[in-house]
Protein chains: 2
Amino acid sequence: MFYIVGLGLCDEKDITVRGLEAVKGSSRVYLEAYTSILMVQKERLEVFYGKELILADRDMVETESDDILRNANTEDVAFLVVGDPYGATTHTDIVLRARALNIPTRIIHNASIMNAVGACGLQLYNFGQTVSLVFFTETWKPGSFYDRIKENADLGMHTLVLLDIKVKEQSEENLARGRKIYEPPRYMSIPQAISQLTEIESLRQTGILSPESTLAIALSRVGGGLDERIVAGTLAELLAQPPEVYGDPLHSLVVVGKRLHHLEVEYAEQFAVNRKTWRDVARRMYGCALE
Amino acid sequence: MFYIVGLGLCDEKDITVRGLEAVKGSSRVYLEAYTSILMVQKERLEVFYGKELILADRDMVETESDDILRNANTEDVAFLVVGDPYGATTHTDIVLRARALNIPTRIIHNASIMNAVGACGLQLYNFGQTVSLVFFTETWKPGSFYDRIKENADLGMHTLVLLDIKVKEQSEENLARGRKIYEPPRYMSIPQAISQLTEIESLRQTGILSPESTLAIALSRVGGGLDERIVAGTLAELLAQPPEVYGDPLHSLVVVGKRLHHLEVEYAEQFAVNRKTWRDVARRMYGCALE
């Protein structure tokens, strides 16, 4: 059996009991190491599982999937991913490959940012499509994410914006020369994300994002752990916070849609930079009936 | 500490290791018994946890929340919910009440249908807002769900449709007379959901739902367990399947949006009632570039 096991969001104890059984019973255990990051180190997972983990980077999953799947029809092999197995396309690739090889596969689900974002107090059914925001460069500032936020905003929906991470990236020079030398990992921060959002807004000027009158909620290390941070405010307020307010990566950002319900406002108020502004903007700009 | 623990989707082993620790360390453990159902009985959970569970129905959570929270600032109390704690509004109510009482609260996340729906092969970021479909009665056929599906469809987004369940409902007569006598539980089936969708379509005639040219994917007991069923086809094909194809509840339905990607078609093809129709409709009606 080939198991794809979601690890959840926080640390080694977020694995499910079923997932832990699969890990303990597997002859080889891979840890997917590029679409996301867990908040703990590989070594800590190994101690907890009592198993050695084989790090599987993008190269390996794309070019050596048959090696990962080797003998999985006669023994158990586990492939661990942060969050839920269906968070990234690449996991469906390896499932399709397993199927082509007639290897039975079982998915073990877990929490991912796609549902744990509910921790911010906004209702999941009020979210539209999820958007990824990539690092801008001097010459490449793709604005398609903005079109998607606008589509959601036009319907009054909230948007979950997933912030880019760069893990095991090569510089252009190293890539061109075929040198497997990698840049240090980079994680987009909340202020950087807001800067990019407002940069595109100032080009497009459709008015969906306004520093003073658009509400947003920043989430860091969401998952119920002790270093979870949730911070709510206007875009301007969130931009002005010092970096330590958001703690360590990963960070995500929710752009609040106009269908905002007063119960959502009241629940999220606990996370507000400034409760008065939060309620005031919700009332004036979002039309929420608050006392 | 007041723990709200997500149980995941399938059975007793879908709890996380952290969640299990919280349950074992709690002096009282409540099982929320109305917004969803787990696929196993309370007794099986009790044996697995080594704890007695107190069933908490809607009445109890709404009117006796202080009793549930009693002493939770000096001892640990756990409140178990199927899926993830942020799936239903009512869980935020009890968190707010705990906060008002100065009781520390911790959320333990898990998979829910909102992210496990990825198992059908459609990408989560291509989903728009989620929709709930309630049982129609002779006199009450609310069509607001249709407007939401249309909003998603106009953007090309997929829609996850959550099908109604009626647990511990009272008949009008029993309600009027204040008799706490409850109807047997009812769960909406896939064919019933499709009938309701097409009923509203025939009234509105906007053309977003067509028996022969709208693709959909039915999910039953999604969660990676042995009785998980995923069935893909046109609305007409899914309507025509005998009930046993879908297995036991809970059922959910995904209405496929026009931004469908050919990799999504190829992944979901394994679930198709008829692979030829599936590919054919994807090619002709959704414009997917398939071989």
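## A tour of chains A and B

Start with both chains in view: 47 residues from chain A and 47 residues from chain B make up the contact, where contact means heavy atoms within 4.5 Å. This is a predicted model: local features need pLDDT of at least 70, side-chain atom pairs count only at pLDDT 80 or more, and totals for chains, interfaces and linings use all residues. Residues are numbered from 1 along each chain as its sequence is written, chains are lettered from A and ligands numbered from 1 in the order in which they are written, and side-chain values use heavy atoms, with hydrogens and water left out.

**Stop 1: the interface**

Chain A and chain B bury about 4400 Å² between them, 52% of it on carbon and sulfur atoms. Buried area is the accessible area (1.4 Å probe) that two parts lose on being put together, summed over both.

Now select A:Arg18 and B:Asp11. They form a salt bridge, with the closest N and O atoms 2.3 Å apart. The rule (a side-chain nitrogen of Lys or Arg within 4 Å of a carboxyl oxygen of Asp or Glu) finds eight salt bridges across this interface.

Next, colour the side of chain A that touches chain B. Helices H1 (17-24), H5 (89-100), H6 (113-116) and H7 (144-155) and strand S5 (105-108) of chain A each supply at least two of its residues. H5(A) gives the largest share, five residues. Helices (H or I, at least four residues) and strands (E, at least two) are DSSP runs, numbered from the N terminus.

**Stop 2: helix H1 of chain B**

Select residues 17-24 of chain B. Six of the eight are buried, so helix H1 is largely enclosed by the rest of the structure. Buried means under 20% relative accessible area, exposed over 50%, partly exposed in between (1.4 Å probe, protein chains only). The buried residues include B:Val17, B:Arg18 and B:Leu20.

**Stop 3: strands S10 and S11 of chain B**

Move to residues 229-234 of chain B, strand S11. Five of its six residues are buried. Show strand S10 (residues 215-220) too: S10(B) and S11(B) pair in the antiparallel sense over six bridges. Pairing requires that DSSP finds at least two bridges between two strands. To see one bridge, pick B:Ser220 and its partner B:Arg229.

**Stop 4: A:Gln241**

Finish in the loop between helix H10 (235-240) and strand S12 (251-255) of chain A, where A:Gln241 is found. At 18% relative accessibility, A:Gln241 counts as buried. A polar atom of the A:Gln241 side chain lies 2.9 Å from the backbone oxygen of A:Glu237. Beyond its neighbours within four places in sequence, A:Gln241 is in contact with A:Tyr246 and A:Val273.

Terms used: Polar contact = N/O pair within 3.5 Å; in protein donor to acceptor, adjacent residues only side chain to side chain.
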